Amino acid sequence: MIIEVQDTQLYVEESGRGNPLLLIHGYPFNHEMWHPQIEAFSTTARIIAPDLRGHGGSPPSKGPSTMDLLADDCAKVLETLGVDEPVTVCGLSMGGYVAFAFYRRYPSLVAGLILAATRAKADSPEIKVKRDESAALAEENGVQAVTANMLPMIMSPKTYSTNPELVDRVEQIMAQTSLQGMVSALMGMKVRPDSTPTLDAISVPSLIIHGSDDQIIPLSEAEAMHTSIKDSQFEIIADAGHLPNLEQPKLFNQIVKQFIDSMKP
Ligand code: MLT
């Protein structure tokens, strides 16, 4: 369905029944990256999976897609859908950066946090330079030039050798990102604040999931979040890279289901 937010519209996938589970995808993806979760949780949760601005079916807008802007979009989606109880927020990678912003801005709307393949830290000066380089490459040679560089890094060696269909699928999903959406997301991630100070303040049940072979965000970043978020649960998924929910969906879903069940009163 299409939902009006602030100055634009978002495509939002909604399905299933149960307590609300907001799935926030990473860059440069869209709700389709949650396909195994949307299928598995249809009787466990009410899934709300937006395409962030400029990704998938949502048109881009000019200027940086800051994490605050994307969090506000998510809040507007929940409001429009009439969700007024706290939700479990699950963000993967950039979706995790958005989840931190959402927690800071709407703490009363968060029942639990699932932080997958993400980090709390802001971009280092080196990564900021890489954001500019990626944006320039996209402007010059198109989205595909950037995604072609990402594709060989984004999953685990095991996935590349055993699951070529998934590699193709991931390539197709990334290709649905618009040029402006890609540039805006890169600029938004570049200016995002350090969420490390937020970690100490998190007081909802929190689950951190990371692939053992993540080449985009090192495992040490997940360990650091686990150390700082009080009583957080930490799960490492073997033979998964930066997309553990797609590379090892059964295990990912089992961990998430147990977490959701443990939150029930
Ligand atoms: C993502 O998967 O969302 C991005 O790789 C995150 C990033 O570039 O920092």
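Reader: Which backbone has a polar atom 2.7 Å from an oxygen atom of the ligand?
Author: That polar backbone atom belongs to Y27. A polar contact is a pair of N or O atoms within 3.5 Å. The model is a predicted one, in which local features need pLDDT of at least 70, side-chain atom pairs count only at pLDDT 80 or more, and totals for chains, interfaces and linings use all residues. Residues are numbered from 1 along each chain as its sequence is written, and side-chain values use heavy atoms, with hydrogens and water left out.

Reader: What about Y97 and the ligand?
Author: An N or O atom in the side chain of Y97 is 2.5 Å from an oxygen atom of the ligand.

Reader: How much of the ligand's accessible area does the protein cover?
Author: On its own the ligand has 270 Å² of accessible area, and the protein covers 95% of that (Shrake-Rupley method, 1.4 Å probe).

Reader: Which residues are around the ligand?
Author: They are G26, Y27, S93, M94, Y97, R131, M189, I216 and H242, where a residue counts if one of its heavy atoms lies within 4 Å of the ligand.

Reader: New topic: how many aromatic pairs does the structure hold?
Author: The structure holds one. The ring centres of F102 and Y106 are 5.2 Å apart and their planes are at 40 degrees, so the pair is tilted (centres within 6.5 Å; under 30 degrees is stacked, over 60 edge-to-face, the rest tilted).

Reader: Is F102 buried or exposed?
Author: F102 is buried, at 0% relative accessibility, while Y106 is partly exposed at 24% (buried is under 20%, exposed over 50%, partly exposed in between, with a 1.4 Å probe and protein chains only).

Methods:
Polar contact = N/O pair within 3.5 Å; in protein donor to acceptor, adjacent residues only side chain to side chain. Phe/Tyr/Trp six-rings, centres within 6.5 Å; stacked < 30°, edge-to-face > 60°.
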